[in-house]
Amino acid sequence: MVNFKEVLLVVNPISGDISKDKAQRQVEQEVKQHNAHFHLYKTTGENDAEEIKELVKEREIDRLVIAGGDGTINLVADAVKDFDVSIGLIPAGSANGLCTNLQIPQQLEQQVQIALSDHCIELDMLCLNEKICLHLSDLGINAELIRNYEGSNIRGKFGYLLQTIPTLIKSEYPFEFRIETDGKEFVREGVLLGIANANKYGTGANVNPEGKPNDGIFEILVFKRLNFFDILKTLRNESRIDPEFLETIPTTEATITCKPPISFQIDGEFIGKETKIDVSIIPQKLKVAVPVNYNP
Ligand SMILES: Nc1ncnc2c1ncn2[C@@H]1O[C@H](COP(=O)(O)OP(=O)(O)OP(=O)(O)O)[C@@H](O)[C@H]1O
């Protein structure tokens, strides 16, 4: 017996370049089988956060199911973070980093069942210069790739692939990062500085094997060099990462500064070029449905 009555499905019609019609039908059917009410919101890219907030308040939504990519999940989570609502996820973006981390399976039927189940964890939320992050943010070469992808017309995984070489050619790496945390200061050179609540990028690269998204701690990841073999190891889920490739600093608060400004992304969305990022954590802020055998 599930403990919700009003379910809002938020669908991003363009994410991942895939149709969400089947997902919508299955969620609606499953909601009705639970004797709950089904509501639908399709994002437009304009005013979505305000409209979702309004709907949640007016309809007293107590379960929100999101069919979209990481950008959509981030937008919805930010909009409803202060409401008493739990969240279910149907991965429907091009990368699906958060869903990969939460071990949401590939089959739609299972995704819908999990999204409407009572098995939830309480996810930490990171605040980066007042913006929220649920999974992984970074400064450097990956954010440059996302910026180039967002400026191109081709969506989906192929769109990212097409931007890889031009990004590497144009990038101004290595960058210099100044990290202040727990009263200490580090200066590091690298190609990318990650701020991680979770283990993996949407590609499956396990860059933060010790990280847990619900332990009240986040990790600063300094990627010191671009090395194909090191990257391959993270893709193979190897838990031992060479410290000459990647240095990990676990913490609960930090300030990162860099000069000149460096490309910055949060949960797969390009934010802009930044010189200072203040990072804090709100432990166990967001209730999210996960598989029963989820093991971070
Ligand atoms: N109807 C719409 N038309 C155009 N853009 C939209 C619409 N709805 C949402 N968006 C935009 O979609 C983006 C979010 O996409 P999202 O990140 O969910 O998918 P993705 O980029 O395909 O996947 P991923 O983040 O997993 O790579 C936001 O920039 C948002 O403004």
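A word on the source. This is a predicted model, in which local features need pLDDT of at least 70 and side-chain atom pairs count only at pLDDT 80 or more, while totals for chains, interfaces and linings use all residues. Residues are numbered from 1 along each chain as its sequence is written.

As for confidence, pLDDT is the predictor's confidence in each residue, from 0 to 100. The protein averages 91 on that scale, and 96% of the residues score at least 70. The model has an ipTM of 0.95 and a pTM of 0.91.

Now the ligand site. A residue is near a molecule or strand if its C-beta atom, placed from the backbone, lies within 6 Å of it. There are 20 residues around the ligand, and those that come nearest are Ser15, Gly45, Gly69, Gly71 and Gly93. Helix 3 (residues 70-80) contributes 3 residues, the largest share of the shell. Helices here (H or I, at least four residues) and strands (E, at least two) are DSSP runs, numbered from the N terminus.

Where does the ligand lie relative to domain 1 and domain 2? It lies between them, because both domain 1 (6-118) and domain 2 (131-284) give residues to its shell. Those bounds come from an automatic or database domain assignment.

On to the two domains themselves. Their C-alpha centres are 26 Å apart. In contact terms, 17 residues of domain 1 meet 20 residues of domain 2, where contact requires C-beta atoms, placed from the backbone, within 7 Å. On the side of domain 1 that touches domain 2, helix 3 gives the most, with 6 residues. By class, that side of domain 1 has 9 polar, 4 nonpolar and 4 charged residues.

Next, strand 7 (residues 136-140). Is strand 7 mostly covered or exposed? It is mostly covered, with 5 of its 5 residues buried. Buried means 20 or more other C-beta atoms within 10 Å of the residue's own, exposed means 12 or fewer, and partly exposed is in between, with C-beta atoms placed from the backbone. Strand 7 pairs antiparallel with strand 10 (residues 192-196) over 5 bridges, pairing being at least two bridges found by DSSP. In that pairing, Gly140 stands opposite Leu192. Strand 7 also runs antiparallel to strand 13 (residues 253-266), joined by 3 bridges, and there Asp138 stands opposite Gln265.

Strand 13 also contains Pro260. The peptide bond between Lys259 and Pro260 is cis, with omega about 0°.

Two asparagines deserve a look at the backbone. Asn47 has a positive phi of about 55° although it is not a glycine, and it sits in the loop between strand 2 (37-42) and helix 2 (48-58). Asn96 also has a positive phi, near 55°, and lies in the loop between strand 4 (86-91) and helix 4. Asn47 is exposed because it has 10 other C-beta atoms within 10 Å, whereas Asn96 counts as buried because it has 23 such neighbours.

Last, Val292, in the segment after strand 14 (269-289). Val292 is exposed, with 8 other C-beta atoms within 10 Å. Its C-alpha atom is 8.6 Å from that of Cys120, 172 residues away along the chain.

Technical notes: Two residues are in contact if their C-beta atoms, placed from the backbone, lie within 7 Å. Ala, Val, Leu, Ile, Met, Phe, Trp, Tyr, Cys and Pro count as nonpolar, Asp, Glu, Lys and Arg as charged, and the others, Gly among them, as polar.
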